[in-house]
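Reader: I would like to learn how to read a model like this one. Could you show it to me and take a few questions?

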Amino acid sequence: MNTCHSKCVLQVAGVTQEYNHKNIIEDIHIHLNQGEFVSILGPSGCGKSTLFNVIAGLLTPEAGKVVVNDKDVTGKTGVVSYMYQKDLLLPWRNVIDNGILPLEIRGIPKKEAREKVKAMLPVFQLEDDGEKYPVQLSGGMKQRVSLLRTTMFSKEIMLLDEPFGGLDAITRLKMQEYLLEILKKIKGSVLFITHDIDEAIFLSDRIYIINGSPAHIVEEMIVPVKHASPQEMMTSEALRQLRSDILKRL
Amino acid sequence: MRKYQNIGDKLIPIIFILAILVLWELVVNLGVVERYILPSPTDIVNALIVNWADIMMHTWVTFFEGMTGLLVAVFLSLIMAVVMDQFPVVKKAIYPVLVISQTVPIIVIAPLLAMWFGFGIAPKIFVVVLVCFFPITVNLIEGLQSVDGELINLVRSMGATKSQIFAKIKFPSALPYFFSGLKIAATYSIMGAVIGEWLGGKAGLGVYMLRARHAFALDLVFASILVIVILSIILFYGIAGIQRALMPWEKLKEELE
């Protein structure tokens with residue numbers, strides 16, 4: 001399970017990144033298969049976001065490389081899509097025009113881009129909100145729009161950096177189910193950062209545990225029960241075992 | 001409740017200003033202060049009506065100088081702010097000079113300008129540019145630099161070029177700051193033109209006030225001041241109106257709060 005098969009869309013090989021002459025992350029090896037949901041679970045501030053910045057091409061690592069579909073894209077932007085905890089919507093644009101931002105940057109004419117986004121609104125349960133401005137939306141709705149914008153850039157490889165970290169617990173649970181529903185429809189592959197064990201177990205096919213200073217991958221785990229219901233989370237012996245294994249590693 | 005509160009908020013300053021005007025009128029009419037020292041509000045309005053055509057001719061000159069100077073200042077500020085934002089070295093070099101330039105009293109600069117550029121319209125416009133340039137540039141540069149770094153990273157991750165980041169993210173983000181500066185500059189613009197005219201010229205409210213003062217026609221001096229005040233207020237609210245029209249989401253935000 002540590003190797004990159006033919007279905008593998010993203011591979012991170014031996015990435016090391018320093019900041020102020022100190023290694024933040026060291027020798028990170030991870031991969032993501034097509035259609036897979038993989039979480040990177042670790043304590044806050046351990047360097048998970050640094051890893052994402054390297055994958056997104058915003059940082060060029062000291063060592064190692066990032067390979068997407070067999071092509072070396074280390075330090076190259078515009079390859080994978082990225083979603084932050086903050087919605088980062090543009091307050092001067094309505095929902096549709098926020099959605100077209102990545103298409104505009106790629107040079108697609110506005111009119112055509114708007115049609116594409118409009119076609120996706122029902123999938124994201126935003127069909128009545130296309131003309132609304134971000135100030136008119138709740139926190140959960142804003143993250144839906146942010147997710148829509150993320151998928152408009154690319155759904156092949158999506159980096160989601162604690163996307164629901166800023167939401168209240170109830171909205172957060174709803175957004176997790178919502179995310180799975182969307183992914184079923186659009187068939188994307190997701191690399192997901194979280195520090196919430198239950199969130200990682202509920203959403204993921206696989207979990208990498210990252211820890212230490214400098215941070216490195218300490219364990220890779222397969223989730224035995226996919227998208228467990230709250231009852232299963234409580235009762236399943238396999239999940240209980242998984243959770244206690246994770247806790248030991250954190 | 002809220003509606004009454006709003007009405008109250010608007011009424012309080014109006015009542016206060018009216019009270020001052022009534023007091024002023026009484027003080028003059030009761031002979032506490034001589035009329036040639038301080039004309040009453042009705043004297044001033046009267047002088048304005050009687051000399052309307054004359055004053056409007058001069059107002060037009062001042063307005064033209066103010067607006068031309070303001071437009072030139074906006075244009076220069078845009079260039080300056082963009083260059084300073086894109087090249088930090090330029091900002092480091094120029095920003096302190098900008099601040100120092102503001103500490104030199106404009107009333108000292110103006111006569112020099114008259115010596116260099118004569119008594120035509122050019123030195124007046126120059127004064128306006130000098131006073132308007134600073135607030136617009138400083139606000140705009142602050143707006144451009146206060147954009148969320150994660151937002152910049154997000155669009156960079158999408159492969160955006162520098163010019164795309166500027167046009168789609170930075171400039172729209174800075175618009176509210178730009179308008180704050182522009183509102184201040186607009187009210188300065190008329191004042192700047194009047195200062196320029198005060199030091200010599202053929203026409204404009206500053207010239208007119210100077211002549212009225214020499215003739216001890218204080219009612220005309222006050223009438224000119226009234227016109228300057230009204231003109232500046234119109235400019236201020238005119239720009240605020242443009243801002244609201246260009247940024248409908250800001251209004252939505254206010255309504256929700």
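Reader: Which residues of β3(A) point the other way from Phe37(A), Ser39(A) and Leu41(A)?

Author: This is a predicted model, where local features need pLDDT of at least 70, side-chain atom pairs count only at pLDDT 80 or more, and totals for chains, interfaces and linings use all residues. Residues are numbered from 1 along each chain as its sequence is written, and chains are lettered from A and ligands numbered from 1 in the order in which they are written. Strands are DSSP runs of E with at least two residues, helices runs of H or I with at least four, numbered from the N terminus. On β3(A), all the residues on both sides are buried (20 or more other C-beta atoms within 10 Å of their own, with C-beta atoms placed from the backbone), and those pointing the other way are Val38(A) and Ile40(A).

Reader: Which residue in β8(A) stands opposite Ile40(A)?

Author: Two strands pair if DSSP finds at least two bridges between them. Here 5 bridges join β3(A) to β8 (residues 190–194) of chain A, and the two run parallel. Opposite Ile40(A) stands Ile193(A).

Reader: And which residue in β9(A) faces Ser39(A)?

Author: β3(A) is also joined to β9 (residues 206–211) of chain A, by 4 bridges and in parallel. Opposite Ser39(A) stands Ile207(A).

Reader: Which strands stand at the edges of the open sheet of 4 strands?

Author: That sheet has the order β2-β1-β4-β5 (chain A) with antiparallel pairing. Each edge strand has a single partner, so one side of it is left without a neighbour in the sheet. The edge strands are β2 (22–33) and β5 (71–72) of chain A.

Definitions and conventions
A residue is buried if 20 or more other C-beta atoms lie within 10 Å of its own, exposed if 12 or fewer, and partly exposed in between; C-beta atoms are placed from the backbone.
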